[in-house]
Amino acid sequence: MNLLEMIDKRLIAFELDADNKEEAIRKICRMMYKADKVSDYEEYLKGVNDREIENETGMGNGIAIPHCKSDCVKEAAFTLVKLKHSVEWGSLDGEPVDYIIMLAAPNSAENVHLKMLSDLAVRLMDDDFREKLKDATDVDQIMRIFKK
């Protein structure tokens, strides 16, 4: 799996305006739906919210990785979204979130979401990668960051 090849410009947003976690999730789920990565907005939103109820996905360092594995997902995808304002997320470090990487994975035996999560987790442990990603201001910068 190559995350660089999976980057979809329609799923990248800078300065997304959301007042809270719930609004951010709704807006980002809508991005997935509009990009035709999921067939049913409501089903996908419910899956992401159910996953958040099970275990909040704020990873620390201002980043959350909400995700959903569902039959409504047409193809594996992920968003890269910088929020206009930080929001409370229930993160491991107790800090608010300002960057959201939302994953969508089809409900298949391959467990694509686990591979995506693993790859992203390894990358996000690298302080340089994480800070460059959060500081990026355009899609080309993001592409270069994922190439390295």
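The model is predicted: local features need pLDDT of at least 70 and side-chain atom pairs count only at pLDDT 80 or more, whereas totals for chains, interfaces and linings use all residues. Residues are numbered from 1 along each chain as its sequence is written, and side-chain values use heavy atoms, with hydrogens and water left out.

## Helix 4

Helices are DSSP runs (H or I, at least four residues), numbered from the N terminus. Helix 4 covers residues 112-125, and its 14 residues should span 20 Å at 1.5 Å a residue; the expected span is 1.5 Å times one less than the number of residues. The end C-alpha atoms of helix 4 are 20 Å apart, which agrees.

Accessibility is classed by relative accessible area: buried means under 20%, exposed over 50%, and partly exposed in between (1.4 Å probe, protein chains only). The buried residues of helix 4 are Val112, His113, Met116, Leu120, Arg123 and Leu124. Viewed down the helix axis, these buried residues fall within an arc of 100 degrees, so they line one face of helix 4; the arc is that of the directions from the helix axis to the C-beta atoms. On the face turned away from the buried side, helix 4 carries the exposed residues Val122 and Met125.

## Aromatic contacts

Rings of Phe, Tyr and Trp (its six-membered ring) pair if their centres lie within 6.5 Å; planes under 30 degrees apart count as stacked, over 60 as edge-to-face and the rest as tilted. The structure holds three aromatic pairs. One of them joins Tyr33 and Tyr41 in an edge-to-face arrangement, at 6.4 Å centre to centre and 65 degrees between the planes. Tyr33 is partly exposed, with a relative accessible area of 35%, while Tyr41 counts as buried at 9%.

Phe129 and Phe146 have ring centres 5.3 Å apart and planes at 85 degrees, so this pair is also edge-to-face. The pair links distant parts of the chain, since Phe129 lies in helix 5 (residues 127-135) and Phe146 in helix 6 (residues 139-147), 17 residues apart. Both Phe129 and Phe146 are buried, and together with Phe78 they form one aromatic cluster.

A charge sits over a ring if NZ of Lys or CZ of Arg is within 6 Å of the ring centre and within 35 degrees of the ring normal. Arg30 lies over the face of Tyr41, at 3.7 Å from the ring centre.

## Salt bridges

A salt bridge is a side-chain nitrogen of Lys or Arg within 4 Å of a carboxyl oxygen of Asp or Glu. The structure holds 13 salt bridges, including those tabulated here.

| Residues | N to O distance |
|---|---|
| Glu52 and Lys21 | 2.8 Å |
| Lys27 and Glu23 | 3.3 Å |
| Asp127 and Arg130 | 2.5 Å |

Lys27 and Glu23 both lie in helix 2, four residues apart, about one turn of the helix. Lys27 is partly exposed, with a relative accessible area of 32%, whereas Glu23 is buried, at 17%.

Asp127 and Arg130 both belong to helix 5 and are three residues apart, about one turn of the helix. Arg130 counts as buried at 7% relative accessibility.

Finally, Asp8, Arg10, Lys37 and Glu75 are linked in a network of salt bridges.

How values were computed:
Helices (H or I, at least four residues) and strands (E, at least two) are DSSP runs, numbered from the N terminus.
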